[in-house]
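Subject: Structure for you to look at

Hello,

Here is the structure I promised to pass on. Please open it and keep it beside this email as you read.

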Amino acid sequence: MTPDQILDRCRTEWMFHDIPHDAIDDMLTELQEHLEDSARAGKSTALVVGDDVTAFASTWAAEHPSRPPRNTPVLLARHAYAGTVALLLGSHLIGWTAEAELVPGSVAAVCLFSALMTFTPYWRAVLHWPLWRWTALSCTWFAVLLALFLIGREPVLLRMPLWGTGLFLLPGLASYAVAWWRGKRREQAASA
């Protein structure tokens, strides 16, 4: 296994263990230094990580604190809000219309999106899935899309004008601006 593959596998495993990104970056830097030292000495990478890279990464992850538990209801609400905004904006932009229709299929899609994003927080690490998992995911996705198609476009539950979508978007933009401002203040306080 090459050093880049080892680093990628460790990053994925540490994401599964829900270690904060800053800590993952520090751990990767330290591991990369060890791997480079091993290469300069003409030794195998197996001397650094052993035969099982996943077990090595899990052992190292156990020594680092993970993030505090997620507040699932708040996270679910955030994902539902983001999914609804994306759905409404997409309807306006793709349909090039000033009025978006909210139908049962779109409500089911937002519910599915928010559930997947909330209860599978490790979605970024699926790149290392074996082929059978990707096949199962593809078949499931096809079944969900077919079900949403069969639900149909009737009845229209809500018609949202473009200005309504803009108003619905404002709280999210304000929340993002406040988070960005707080992050800048933390950076300034840390550098001072």
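Two residues are in contact when they have heavy atoms within 4.5 Å of each other. Keep that cut-off in mind for what follows. One caution: this is a predicted model.

**The overall plan**

The protein has eight helices and two strands. Along the sequence they follow the pattern α-α-α-α-α-β-α-α-β-α. There are 192 residues, and 22% of them count as buried. The accessible surface comes to about 13,200 Å². Carbon and sulfur atoms hold 66% of that surface.

**The core**

Which residues have the most contacts inside the largest nonpolar core? They are I6, C10, W14 and L31, and the core has 17 residues. Helix 1 (3-16), helix 2 (21-40) and helix 4 (53-62) each supply at least two residues of this core. Take C10 as a case to follow on screen. Leaving out residues up to four places away in sequence, C10 touches L31, V53, F56 and A57.

**The two strands**

Strand 1 covers residues 99-102. Strand 2 covers residues 158-161. The two run antiparallel, joined by four bridges. In one of these pairings, L102 has L158 in strand 2 as its bridge partner.

Which residues of strand 1 are on the covered face, and which on the uncovered one? A100 and L102 are on the covered face. E99 and E101 are on the uncovered face. There is a general rule to learn here. In a regular strand, side chains alternate between the two faces of the sheet.

**Helix 6**

Helix 6 spans residues 104-119. Two of its residues are worth a look.

S106 lies in this helix. Is S106 buried or exposed? Its relative accessible area is 11%, so S106 is buried, as the cut-off is under 20%. Apart from residues up to four places away in sequence, S106 touches L87 and E101.

A115 and A80 are 35 residues apart along the chain. Their C-alpha atoms are separated by 8.3 Å.

Find S106 on your screen, then trace its contacts to L87 and E101.

Best wishes

Notes: Residues are numbered from 1 along each chain as its sequence is written. This is a predicted model: local features need pLDDT of at least 70, side-chain atom pairs count only at pLDDT 80 or more; totals for chains, interfaces and linings use all residues. Side-chain values use heavy atoms; hydrogens and water are left out. Buried means under 20% relative accessible area, exposed over 50%, partly exposed in between (1.4 Å probe, protein chains only). Two strands pair if DSSP finds at least two bridges between them. A nonpolar core is a set of buried Ala, Val, Leu, Ile, Met, Phe, Trp, Tyr and Cys residues joined through side-chain atoms within 4.5 Å. Accessible areas come from the Shrake-Rupley method with a 1.4 Å probe; for residues, only the protein chains shown count as cover.
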